[in-house]
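Hi,

Here is the structure I promised to pass on.

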Amino acid sequence: RRKKGVPAAGCPGGCAMADEGKQKGAATMQEATTVGKMWNPSLYIGSIVADPQDRVGILPPRIKESMPSPEPKPGPSGWLYRVLEPYYSRECVDNVMQAMLGGQISSGAAWPRRLAEQICALYGVPVALPTSSGASALHVALLACDLGPQDHVLVPSFTMVAVANMVKMVGAKPLYCDCAPGSLNPGREELLQKATPRTKAIIVCHTYGVACKDIRAIAALCKERGWWLIEDICEAMGTKDDGGDLVGTFGDFAVSSLYANKPITAGDGGWVHARDPKHHDRLKSLINHGFDPAYHFLHFETAPNAKMNGLGAAFVCSQVRELPKIMEQRGQLAAWYREELVGLQDLKCMEQRKVDAPWVFGIETKDRKTRDSLRDHLAARGVETRNYFFPLHLEPVNFYGSEVGVYDVVLPNAEHAAQVGFYLPTHYFLERADVVYISGLVKEFYSQSEPSSKRHAPEARVPRSIGWADAERSRILSAPAQP
């Protein structure tokens, strides 16, 4: 029977009433809220708890007391020095135009193959495959190691969150390792302290472009134990170890990032390379949905889409040969910073290896309060900085997710570095006058407690004006292409 007030089918008013009902239903859905005490770790907590203070309010004291302070804001004129700036040449842009005009824009174009050839030549390896990011490169490398829920992977706690994320995404469990004393990376002993009978792999990160001092010993350990060794060189492309060899040549696999803040860039992107040619076909399949090379739509395993597009590859191709020059400039920046900042009481420059050309240049203060105050001091004068990593074992995901209790682990060296360290502007456009000026502001901060007659006066003339890095980029891009 027809309900009262509801027109029969075909009635002129039926459509209007149906539309009205849909609108009411939609309004009801929009007004609904998520309630309940159980947190779903697959949901971004910000979609449930909107207020930032409320999101951290329920965290245990150990996390809340060590979590980073809000980022400092620049002075009224904005940032004079950004912490990192992308560098690329006119040839990069010309190559992208060439790819577009020739229709060579996808992952199946010639440009990703050219990029792979250049990476193989640089690192002396038989296998390299461009990927959509450094994280996706790590994802496929871990998949190639055939890790599962029963397996443990030793990872640094003091590194970027993508490292742990990718281990979890293949179903394995990350075991967080402390930094070696005085180092930004775990050493052989720190890794062995966390090893278990279920350990299958180690990820070494060469954090901030500082080569792991024990990389050769760790490679030998992995060979002895039958563990996989993956080198994450996302921050260390072009970095050399104490013996003068490129990091990324010691592991079974190496992965890198081509994000915009890296020494060479595709905007986004990365690559995975391997020392054994037997890995080529599997890696090629893993970055492309698990496609079989003989049967196009036959898939034998679950795999992501991790390919790099042709435009990104075209953009970065010409930069690979410039990497040695770029790393030489990074070494010069580090030398200038060390020269300018030497002798400041209670300030320490970052770890220095025999080949000193870090991706970013870090400094470490005596305590967190000083670190935050110094960052505020620099920000007010237009100098952007960035805190050191927050240790992975203390990340809130370990509270909201399934790894409850991980944050109770104490890793003193990683935790101390996270509380006192940050890095200064470090990029290709900086010259000595810029380093002198930025270092002068650091000296000014430390001399504030001195008598006025002994206080450090920074350079009276600011060497740059707002937007100077963009102007430098424009100058480079306006120059005629090199033959």
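Strand β9 (residues 361-364) and β8 run antiparallel and are joined by two bridges. Cys349 has Ile363 in β9 as its bridge partner. I count two strands as paired if DSSP finds at least two bridges between them. Helices (H or I, at least four residues) and strands (E, at least two) are DSSP runs, numbered from the N terminus. These two strands belong to an open sheet of four, in the order β8-β9-β11-β10, with antiparallel pairing. β8 (348-349) and β10 (386-387) each have a single partner strand, so at these two edges of the sheet one side of each strand is left without a neighbour. As a reminder, strands of a sheet pair through backbone hydrogen bonds, either parallel or antiparallel.

Before going on, some housekeeping: this is a predicted model, so local features need pLDDT of at least 70 and side-chain atom pairs count only at pLDDT 80 or more, while totals for chains, interfaces and linings use all residues. Residues are numbered from 1 along each chain as its sequence is written, and side-chain values use heavy atoms, with hydrogens and water left out.

Now the overall picture. The protein has 17 helices and 11 strands. Of its 483 residues, 51% count as buried; buried means under 20% relative accessible area, exposed over 50%, and partly exposed in between (1.4 Å probe, protein chains only). Among contacts between residues at least 6 apart in sequence, 70% join residues at least 24 apart, where contact means heavy atoms within 4.5 Å.

Which strands are covered by the rest of the structure? Two to look at are β4 and β7. In β4 (residues 199-204), five of the six residues are buried, so the strand is largely enclosed by the rest of the structure. β4 pairs in the parallel sense with β2 (residues 152-156) over three bridges, and His152 stands opposite Thr199. β4 also runs parallel to β5 (residues 228-232), with four bridges between them; here Val204 is opposite Glu231.

For β7 (residues 270-274), five of five residues are buried. Gly270, Val272 and Ala274 point one way from the strand, and Trp271 and His273 the other way. β7 has antiparallel partners in β1 (residues 127-131), through five bridges, and in β6 (residues 253-257), also through five bridges. Val127 is bridged to Ala274, and Val255 stands opposite Val272.

On to the inside. A nonpolar core is a set of buried Ala, Val, Leu, Ile, Met, Phe, Trp, Tyr and Cys residues joined through side-chain atoms within 4.5 Å. The largest one here has 114 residues, and Ile203, Tyr208 and Leu341 have the most contacts inside it. Helix α12 (residues 323-341) gives the largest share of this core, eight residues. Apart from this core lies another, of 15 residues, including Leu191, Val204, Ala219 and Leu229. Leaving out residues up to four places away in sequence, Leu341 touches Leu347, Cys349, Phe361, Ile363, Leu424, Ser439 and Val442.

- Lys223 sits in helix α9 (residues 215-225). Its relative accessibility is 76%, so it counts as exposed. Gly251 is 28 residues away from Lys223 in sequence, with 9.8 Å between their C-alpha atoms.
- His289 lies in the loop between α10 (280-286) and α11 (310-317). Its phi is near 65 degrees, a positive value in a residue other than glycine. At 34% relative accessibility, His289 is partly exposed.
- Asp346 is in the loop between α12 and β8, and its phi, near 70 degrees, is positive too. Asp346 has a relative accessible area of 41%, so it is partly exposed.

For comparison, most residues other than glycine have a negative phi.

Have a look and tell me what you think.

Cheers
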